Amino acid sequence: MKIYSHRANGYGHQENSAKAILASLADNISGVELDIRSTTDGQWCFFHDPILDNNSESKGFISKKTAKELRTVHLRDGQKLTFVKDMLPAFKKTKKEIILE
């Protein structure tokens, strides 16, 4: 049986955040499932909802904002919004399965 961390959740950090992802990768599980959203300029960030309103201190649709605008967004727990390209080094070091939705 394989066990995955859903949205990198369950580690005391906000879902889909850098700290949650790193905690998931360090755990004894098969892999991690993460949600991604595209910005207006084609960058990918980790976020479940299409809008920022419920899980961050900002508002609006992710798809209507640039990566530069989104790099200033703070999640509810104070972490900054995490981009896929920022996590690539950690993904390359692990043997865990990474599922991006």
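Predicted model: local features only at pLDDT ≥ 70, side-chain atom pairs only at ≥ 80, totals over all residues.

Trainee: What holds paired strands together in general?

Mentor: Strands of a sheet pair through backbone hydrogen bonds, either parallel or antiparallel.

Trainee: And what makes β1 and β2 a pair?

Mentor: They pair over three bridges, also in the parallel sense. The cut-off is at least two, so β1 and β2 qualify. Here Y4 stands opposite G31 in β2.

Trainee: Which strands does the sheet hold, and in what order?

Mentor: The order is β1-β2-β5, with parallel pairing, in an open sheet of three strands. The edge strands are β1 (4-6) and β5 (97-100).

Trainee: What makes these two edge strands?

Mentor: Each of them pairs on one side only. From one strand to the next, the twist averages 20 degrees.

Trainee: Is β2 covered on one face or on both?

Mentor: On both. G31 and E33 are buried on one side, and V32 and L34 are buried on the other.

Trainee: How many helices and strands are there in the whole chain?

Mentor: Three helices and five strands. In sequence order the pattern reads β-α-β-β-β-α-α-β.

Trainee: Why can the chain be said to agree with a compact globule?

Mentor: Set the value against the rule. A compact globule of 101 residues would have a radius of gyration near 13 Å, and the protein chain has 13 Å, which agrees. Along its principal axes, the C-alpha trace spans about 40 × 25 × 20 Å. Of the 101 residues, 40% count as buried.

Trainee: Now the helices. Which residues of α3 are buried?

Mentor: In α3, residues 84-93, they are V84, M87, A90 and F91.

Trainee: Why do you say these line one face?

Mentor: Look down the axis of α3. The buried residues fall within an arc of 110 degrees, so they line one face of the helix. The face turned away from that buried side carries the exposed residues K92 and K93.

Trainee: What do the buried residues of α3 pack against?

Mentor: Their partners are α1 (18-26), β2, β3 (36-38), β4 (44-46) and β5.

Trainee: Which residues of α1 are buried, and how are they arranged?

Mentor: They are A20, I21, S24 and L25. Down the axis of α1 these fall within an arc of 135 degrees, so they line one face as well. They pack against β1, β2, β4, α3 and β5.

Trainee: Why is K59 called exposed?

Mentor: Exposed means over 50% relative accessible area. K59 has 60%, so K59 passes the cut-off. K59 is found in the loop between β4 and α2 (67-70). Beyond residues up to four places away in sequence, K59 touches L52, D53 and K65.

Trainee: Why is W44 called partly exposed?

Mentor: The partly exposed range lies between buried, under 20%, and exposed, over 50%. W44 has 43%, so W44 falls in between. W44 is found in strand β4. Neighbours within four places aside, W44 is in contact with I36, R37, S38, F83 and V84.

Trainee: And why is N16 called buried?

Mentor: The cut-off is under 20%. N16 has 2%, so the label holds. N16 sits in the loop between β1 and α1.

Definitions and conventions:
Residues numbered from 1 in each chain as written. Heavy atoms only, no water. Helix = DSSP H or I, 4+ residues; strand = E, 2+ residues; numbered from the N terminus. Axes fitted to C-alpha atoms, helices over the stretch in contact; angles between N-to-C directions. Rg over C-alpha atoms; globule rule 2.2 N^0.38 Å. Buried < 20%, exposed > 50% of the residue type's maximum accessible area, 1.4 Å probe, protein only. Arc of directions from axis to C-beta. Contact = heavy atoms within 4.5 Å.
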